[in-house]
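Q: I would like to learn how to read a model like this one. Please take me through its features one at a time.

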Amino acid sequence: MTDKLAIVQRALQNIGTRTTITQNDLDTNGSNEAIQANIIYDNTRDDLLRMAPWNCAFNTQQLV
């Protein structure tokens, strides 16, 4: 499974920045890139999971 840091690093590469961030940066909002990634990451992930019925995104529970 790909972690948040790897996804953010790829996104930074795709937009052409030379900045790299560490897990510590993400945890502590240590750079502007980390702050922006933390703002948008969760909402974007949730939006993508809602776009299609991904088998890996279902959470089921037994009802009594």
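**Reading the fold**

A: Begin with secondary structure: the protein has three helices and zero strands. Helices (H or I, at least four residues) and strands (E, at least two) are DSSP runs, numbered from the N terminus. This is a predicted model: local features need pLDDT of at least 70, side-chain atom pairs count only at pLDDT 80 or more, and totals for chains, interfaces and linings use all residues. Residues are numbered from 1 along each chain as its sequence is written, and side-chain values use heavy atoms, with hydrogens and water left out.

Q: What pattern does the protein follow along the sequence?

A: The pattern is α-α-α.

Q: Which share of contacts joins residues at least 24 apart?

A: Contact means heavy atoms within 4.5 Å. Take the contacts between residues at least 6 apart in sequence: 16% of them join residues at least 24 apart.

Q: How much of the protein is buried?

A: Buried means under 20% relative accessible area, exposed over 50%, and partly exposed in between (1.4 Å probe, protein chains only). Buried residues make up 16% of the 64 residues.

Q: What is the accessible surface of the protein?

A: It comes to about 5600 Å², and carbon and sulfur atoms account for 53% of that. Areas come from the Shrake-Rupley method with a 1.4 Å probe; for residues, only the protein chains shown count as cover.

Q: Which residues make up the largest nonpolar core?

A: The general idea is that nonpolar side chains tend to be buried together in soluble globular proteins. A nonpolar core is a set of buried Ala, Val, Leu, Ile, Met, Phe, Trp, Tyr and Cys residues joined through side-chain atoms within 4.5 Å. Here the largest has eight residues: L5, V8, L12, I21, L26, A34, A37 and Y41. Helices α1 (4-14) and α3 each give two or more residues to this core. Look at A37: leaving out residues up to four places away in sequence, it touches V8 and L26.

Q: Is S31 buried or exposed?

A: S31 is buried, because its relative accessible area is 19%. It sits in the loop between α2 (23-28) and α3. Beyond its neighbours within four places in sequence, S31 contacts I21 and D25. From S31 to L49 is 18 residues in sequence and 27 Å in space, C-alpha to C-alpha.

Q: Which residues form a nonpolar patch on the surface?

A: Patches are made of residues with over 30% relative accessible area and no salt bridge: like charges are joined within 9 Å, nonpolar side chains (Val, Leu, Ile, Met, Phe, Trp, Tyr) within 5 Å. I35, I39 and I40 form one, with about 270 Å² of accessible area together. I40 lies in helix α3 (residues 32-50). Its relative accessible area is 52%, so I40 counts as exposed.

Q: How many salt bridges does the structure hold?

A: Side chains of opposite charge can pair when their charged atoms come close. A salt bridge is a side-chain nitrogen of Lys or Arg within 4 Å of a carboxyl oxygen of Asp or Glu. The structure holds three.

Q: Where are D42 and R45 relative to each other?

A: They are about one helical turn apart, because three residues separate their positions in helix α3. D42 is partly exposed at 35%, and R45 is partly exposed at 37%. R45 also bridges to D46, at 3.2 Å, N to O.

Q: What about R50 and D47?

A: They form a salt bridge, with the closest N and O atoms 3.0 Å apart. R50 is exposed at 61% relative accessibility, whereas D47 is partly exposed at 43%. Elsewhere, shared partners join D42, R45 and D46 into one salt-bridge network.
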